[in-house]
Structure formats: structure tokens, C-alpha cells
Amino acid sequence: MTPAQTDFVDPEKFFDCVHCGLCLSFCPTYVELGTEMDSPRGRIATMRALHEGRFSLDPETVRHLDLCLGCRACETACPSGVHYGELIEGVRPFIEQYYRRPLRERLKRKLINSVFPHPLGVRAFALLLKIAAALGVPRLARARWVPRSLRYWCGLVPESMSGAPLAARYAAIGEKRYTVALLSGCVASAVFGATNQATIAVLRQNGCEVLVPPGQGCCGALLLHNGDRAAALALACHNIAIFAALPVDAIIVNAAGCGAVMKEYGELCKDDARYREQAAQLAAKVRDITEFLGSIPLIAPAREVRAHVTYHDACHLAHGQGIREQPRRLLQAIPGLRLTELAESDWCCGSAGTYNLTEPEMARRLLARKVGHIRETGAEVVVMGNPGCLLQIRAGLRQEGLPVRAMHTVELLAEAYGIPPS
Ligand code: SF4
Ligand code: SF4
């Protein structure tokens, strides 16, 4: 390979790593496998060796990089300020461009990349899930005669879905205090309609006029994590054209992975003269729903929710956006609710974008660990801020037969405002 081909990241960034190893015990794949090559330090060394042409893209090298969840727990742990997320997101397109995966892998990744970001693909996917739910597939997660690996896939099928179309505008309830726009999401709009409805309802209760711009699309996060940077950039530009000109106080996102990527649109579009400025302006307005509600004088929810609750920190909320306190404060504002901290609450549950589809074995190991900790709390509800984690954790709870409800933070808040689930 020529030096130009291996120039997938600013090499200066490798030198931030001083090899201290303080990140190792925070890396889920290192803790599970115990191998240096599956640690942040090992992966940084691998990426540097690839960049300098000392390593080639052989199956073993790619395997260790593929196994990285992109959870960014190492960034939180690193005292040296390593931008690990930028490094791994830089190397992924390089792998996809120059490494020929085995046929089965290629087909799987092609299918994932062609389904999720496209409205038609998402609708077809949602229809398949609905058919599978109607046939009782989620119940097979507990069937002993079904092979264990297949039970996991069955558990991933949601028992119910709502994807009713949203209006373009919702008026504030009472005095209008803010105007916000909502990213309705690609998968979320088809599969997690209830989360979007709860988000809109809670915002309206808090004096927000909510705009849901028609024509918006996937934010690009799934493609970016899968190494298709060019396609992710095209999706980002599409959304920038739709959202950037809106006269709103904030752009609200209720999916941690999408919010983390939209906050980085400025960086993603830095080489695109047409969109660079707008991208940075849009990124500055992006707020996770809990971040936004935590930043305004909250209209206190009045209804008691007598429930024992625990909270799972989605990686792209805690590590990607540094949002930890706000969701906990919102939960504590709910009368009657008892909150118990979850051990390893900011450890990845194995969902990680489409990681549970591309790396199901490691995803299942991490899920079992997460469900074990949820069991230890004795909580009856587990709350989180990311739809992907919801699918994954529900699958684990179903498989273990644990009677714990998994909900988005904003859905529990909606209950506390007396808003009926949609
Ligand atoms: S990534 Fe950070 S914490 Fe990990 S070895 Fe390098 S400097 Fe140390
Ligand atoms: S992003 Fe997560 S899985 Fe990857 S090296 Fe960092 S801590 Fe480990």
C-alpha cells in the first residue's frame, strides 16, 4: 500500500497515547478476552502500525479492530486525552476500502448498509418485524428447543411497535417558552414511534412548540460506524439542508448514537465548503432530550410513579456526549420513584449501532453481563436513553425471563406527566 492510501487519520493523534494502560480495565472487549490486541492501547498500536505500513490488512488485524464496540469508554478513562473515537472511525472506511472480507461477511454488511438508512428499507424491515411479532417470534427467546444463538435473534424482535406518522408541528401546552425541532430518526420513526410520541408530549408539557421537519432522514450514524463515511456524509448534508435554516432554540434527539454523531457534523463536513458552516451551526444546537430538559426550568411532573428503577448509561450518551447527571436528575424529579444505581452502568450492553448484528457472539456476552447486573438491583424497571440499547436489553431480559420493564427515560417521564402511552 502507498503512504497516501494509509493516510486515514492525522498521525499526530497516535502520539497522544502514552501506553499507560489505565484504559484497559474499562474496555469491555479487553476485560472479556484479556488480549492486548483487543484493548484500546493494543488497537491504537495496531492502527499506528497500519498507518506506518508495518502491518497489513490481514484477517487477524481486521478481526481485532472489528471487535471494537466504538463505545468510547476508553476515551472517558484516558488521562492523556486520546481521541479514540476519531481513530477508530478513521480506520473503518480504510478497512472497508482495502480489505476484502469473506463473502458471507460482505453480504451481511451490504444488507445492513442498504436497509437502515433508506426509508423504504426501514419500512420493509419494520414490516418484517411486525410479521415476526405477530407469529410469536419474541416468545421463542425462552423456548428451550430453539438453539441458544437463535433465541438471541428471536429476543431482538420487539413485541409491539408503533410507527404512526408524526405531524409537522405540535403546539406548546400553556405558555410557549421554546421552539424546538425533533429528529424523528430512521429506525426510530418506524419501530420506536412511542418514544417519539412521548418525547413530543413531554416537550409540549414544558412549553415547547415542536417542529418535525418533513423529508428528514437518517443521521448517518449507522453508516459511519460501519465504515461508509462517504454515504454518512451525504445523509448528514441532506439533514443539514433541512434542519439548519429552522429558527429553533434546539434540535432534539432521543437516540444517543444519533445525537453524538449530529454533534460532530461540523467535523464530518469540515472539508465540504458548501455545508461546513451550516454543519457547525446545526451541531451547536443539537441536544439530547434529557440534556435539554435538564437545562430548562422543568415543569415538575405531578403524578406518582411508584416504581423501583435502575438506569443504564448508553455509551454514546455517557462517553460520547458526557450526559450522565441530567437523566438521573429527571428520574429523581418523579414523585414516588426509587432509583438504584446499576453496577457497570456505563458499560456497553453489546448493541453498539449494528454491532449486535455483525458481532453477535461478543454482543451476547456483554448483554449477559448487563442483564446480570440489572437482576442484582432488584429493580422492576430499567431506563435508558437509546433505542438500540432498548432492543438489546429487552432481548436479554426476555431470554432470561426477568420480569423487568425496559423503557426510554422520556417514556417514564411521560407517565409521570399523566400522558397515556401511545
Ligand atoms: S489510550 Fe490513554 S489510557 Fe489508554 S494506554 Fe493510551 S494513554 Fe493510556
Ligand atoms: S471503544 Fe470501547 S471496545 Fe473499543 S477500545 Fe475503546 S473501550 Fe474498548
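**Ligand shells and sheet**

Tutor: In this predicted model, helix H1 (28-33), helix H2 (40-51) and helix H4 (73-77) each contribute at least two residues to the shell around ligand 2.

Student: How many charged residues does the shell around ligand 2 have?

Tutor: Ligand 2 is surrounded by 13 residues, with Cys27, Arg43, Cys68, Cys71 and Cys74 the closest. Sorted by class, the shell has 9 nonpolar and 2 polar residues, and the number of charged residues is 2.

Student: Which cavity does the space taken by ligand 1 correspond to?

Tutor: The residues closest to ligand 1 are Cys17, Cys20, Gly21, Cys23 and Cys78, within a shell of 13. By class, that shell has 9 nonpolar, 3 polar and 1 charged residues. The space that ligand 1 takes is the second largest cavity.

Student: Why is one side of strand E1 and of strand E5 left without a neighbour in the sheet?

Tutor: The open sheet has 5 strands, with mixed pairing, in the order E1-E3-E2-E4-E5. Strand E1 (169-170) and strand E5 (286-288) therefore each lack a neighbour on one side, because each stands at an edge with a single partner strand.

Student: Which helix packs on the sheet, touching strand E4 (250-253) and E5?

Tutor: The direction of this helix makes about 30° with that of E5. The helix spans residues 276-285 and is H15.

Student: Which residue is the bridge partner of Tyr178 in E3?

Tutor: Strand E2 (residues 178-182) pairs with strand E3 (residues 208-211) in the parallel sense, over 4 bridges. The partner of Tyr178 in E3 is Cys208.

Methods: Residues numbered from 1 in each chain as written. Chains lettered and ligands numbered in written order. Predicted model: local features only at pLDDT ≥ 70, side-chain atom pairs only at ≥ 80, totals over all residues. Heavy atoms only, no water. Pairing = 2+ DSSP bridges. Contact = heavy atoms within 4.5 Å. Axes fitted to C-alpha atoms, helices over the stretch in contact; angles between N-to-C directions. Near = heavy atom within 4 Å. 1 Å grid on protein atoms, 1.4 Å probe; cavity = no way out; pocket = protein on both sides within 12 Å on 5 of 7 lines; lining within 4 Å. Sits in = over half its atoms within 2 Å of the grid points. Nonpolar A, V, L, I, M, F, W, Y, C, P; charged D, E, K, R; others polar.
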